[in-house]
Amino acid sequence: MLDQTYYDKTDEIIASHGAESASLIPIIQDIQNEYRYLAPELLAYVADKLGISEAKAYSVATFYENFSFEPKGKYVIKVCDGTACHVRKSIPILERLYSELGLSKEKVTTDDMLFTLETVSCLGACGLAPVLTVNDKVYPKMTPDDASALIVELRGEA
Amino acid sequence: MGYMIINNRRYEFTDEKNVLSVIRKAGIDLPTFCYHSELSTYGACRMCVVEDERGKVFASCSETPRDGMKIYTNTPRLQHHRKMILELLLAAHCRDCTTCRKNGVCTLQKLALQLGIHEIRFENNKPMLPLDTSSDCIVRDPNKCILCGDCVRTCDEIQGIGILDFAFRGSKMQVTPAFNKNLSETDCVGCGQCRVVCPTGAITIQENVTQVWNLLADKNVRVVAEIAPAVRVAIGDKFNIPKGENTIGKLVAALRRIGFDEIYDTNFGADLTVMEESKELVERIESGENLPLFTSCCPGWVKFCENKYPDLAGHISTCRSPQQMFGAVLKEEARENREDTRKTVLVSIMPCTAKKGEIKRPEHFTDGEQDVDYVLTTNEVTRMIKEEGIDLKMVEPEAMDMPFGISSGAGAIFGVTGGVTEAVLRRLLNSNKADVLQDISFTGIRGAEGIKEASVMLGEREVKIAVVNGLANAGRVMDRIRAGKADYDFVEVMACKRGCIAGGGQPVPIGPRTKKARMDGIYKVDRTAQIKLSNENPIIMTLYDGLLKGREHKLLHNQK
């Protein structure tokens with residue numbers, strides 16, 4: 001059960017977009033921005049408020065890769081695996097990060113809730129390939145060693 | 001208006017909403033998975049593709065007929081496309097046909113045969129997903145789903161509930177309740193309409209056949225059956241009996257051969273319901289309180305109202321449904337009758353999947369005891385008859401047992417939308433004269449429309465009635481009632497379109513013609529019944545003077 005503040009915040013977000021079915025996506029985007037994930041309870045709550053079925057809301061939220069029902073870590077690392085990054089060897093970076101953080105394709109968030117590791121199909125920064133982002137800050141022309149150093153740095157910050 | 005040239009022959013069309021309907025009217029049965037005339041057009045399965053004279057291939061379900069249109073329905077190109085679609089569907093399908101519950105009535109299976117698919121060239125790399133057997137009413141097997149979306153649209157558009165929807169995308173797409181919940185954790189009312197439209201074994205009935213066979217084999221158990229009104233006009237479907245024909249006599253004979261000790265009529269239970277519900281209506285009209293009165297016969301509707309309109313649930317009649325009234329009376333009779341030392345078990349034969357859930361509701365128990373032990377749907381009984389090796393068509397009809405085998409025409413029409421209302425009106429106007437009966441039937445409560453309104457004078461008082469079928473329609477009426485925009489006195493709701501004759505446990509397919517034949521069949525039962533009014537059923541009157549005396553409330557109404 002989520003704290004009441006989550007629902008109050010959600011009400012606020014719904015009010016800012018208007019309680020109509022067309023606003024579903026912007027509303028759940030805002031919720032995800034707020035909490036770094038989309039709590040299933042809140043999705044159900046939004047569906048009810050907008051007068052659409054829970055299943056329909058779930059349908060929309062699962063259609064887009066971007067929405068996550070799992071709480072994400074403090075640092076969300078997105079490794080680009082678009083064509084340009086891929087040919088400039090993004091996979092070794094990803095593999096290094098997996099082994100550094102003890103994560104895998106199935107387990108994407110560290111137990112201490114510090115890091116979430118995801119791949120994205122293109123960040124639109126192909127000139128800087130291979131590229132990754134941490135909470136939307138761009139790190140260009142990465143190597144596996146740069147990635148390791150970055151993790152150490154972020155751990156220090158945290 | 002205009003004409004179309006289909007396969008070089010000229011056909012007229014009038015108001016058909018799509019090319020597919022024109023083609024079917026021309027006698028060509030184009031295959032489809034995702035097209036149902038009562039649902040919105042989805043255009044997903046692409047089986048109904050046709051080709052025009054320029055070689056353009058398009059889905060005929062999603063194209064409006066145009067004057068002078070020239071199309072072909074079975075060119076080599078189209079054959080190639082259809083076969084490929086089917087092969088791909090089958091490649092990702094759990095193909096355990098021989099053990100599938102839908103074996104023999106599966107559209108996918110039928111089309112694979114029809115189109116001659118003998119080999120699947122592609123590997124199935126879909127992971128096996130667990131079955132959802134949590135519901136009392138239906139079973140969901142996601143491995144058999146072909147993503148036609150029929151259940152999704154039925155639950156949303158016809159029933160207004162929307163339990164199922166697509167989730168995820170691409171090759172990972174599934175049809176599932178929100179958050180992959182089990183059906184029992186959702187607001188699913190168990191109406192089974194998703195199962196009626198499902199072309200494969202992805203949604204099937206939760207069966208109780210094995211338990212009943214075991215009971216029938218047990219010599220220490222007296223197994224009693226009650227048969228619902230709508231079963232008799234549908235059970236013949238899988239035995240080459242014309243659609244809608246009343247086969248109650250044959251069904252009784254077959255059930256006796258199978259080993260049921262006594263066979264009674266739920267129509268009798270319906271007669272009891274008419275007595276109690278009309279009494280309740282009169283009381284509420286006199287006191288002016290708690291109007292409108294909502295009917296309580298349909299468990300899908302009751303659950304829908306409780307889930308979505310809890311503020312109005314107090315309007316639901318306190319009467320038990322005919323199934324439950326019958327169960328309570330039978331079990332009470334068994335308790336009184338000390339001669340038979342065997343344990344009495346009641347199996348109710350229903351057109352309905354939601355009834356499987358209804359029997360477990362505690363307010364329907366009598367003194368904490370469950371009255372109806374098992375519900376078998378028409379489909380399950382069909383299978384039992386076949387398993388016994390009986391051809392229903394060849395069986396000589398037999399009569400029901402006494403005393404609960406006698407019922408009125410008013411009880412019989414409970415199987416169609418408007419029937420409960422008509423039966424109650426007959427009781428209230430209390431006349432068996434042909435002209436009065438005819439007047440009632442012409443008040444506008446009969447027919448297939450989703451929301452029907454009527455008004456009848458009861459002495460000086462005008463009684464306003466709404467007759468609703470399909471839960472989405474019920475939602476519309478409820479919204480108006482909630483907003484104070486409707487002033488009905490009596491609202492009858494049946495969850496399934498056209499009533500129980502198209503219930504979730506009935507043999508499929510249930511197209512418009514089948515529905516009409518079954519509706520006609522029910523009214524024929526009424527026409528040929530000598531007793532038209534529930535209160536003229538002699539057994540009902542003796543029961544009120546005997547077993548029911550002082551116990552009406554305990555046995556016929558919900559217990560808190």
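Over the ring of which residue does the charged end of B:K386 sit? The charged end of B:K386 is placed over the ring of B:F239, 5.0 Å from its centre, where a charge sits over a ring if NZ of Lys or CZ of Arg is within 6 Å of the ring centre and within 35 degrees of the ring normal. In the same way of counting, B:R169 lies over the face of A:F63, at 4.8 Å from the ring centre.

This is a predicted model, in which local features need pLDDT of at least 70 and side-chain atom pairs count only at pLDDT 80 or more, while totals for chains, interfaces and linings use all residues. Residues are numbered from 1 along each chain as its sequence is written, chains are lettered from A and ligands numbered from 1 in the order in which they are written, and side-chain values use heavy atoms, without hydrogens and water.

Rings of Phe, Tyr and Trp (its six-membered ring) pair if their centres lie within 6.5 Å, and planes under 30 degrees apart count as stacked, over 60 as edge-to-face and the rest as tilted. By this rule there are 18 aromatic pairs over all chains. One of them joins A:Y64 and A:F67 edge-to-face, at 6.3 Å centre to centre and 80 degrees between the planes. B:F268 and B:F404 make a tilted pair, with 5.1 Å between centres and 50 degrees between the planes. Aromatic residues A:Y58, A:F69, B:F168 and B:F179 form one cluster.
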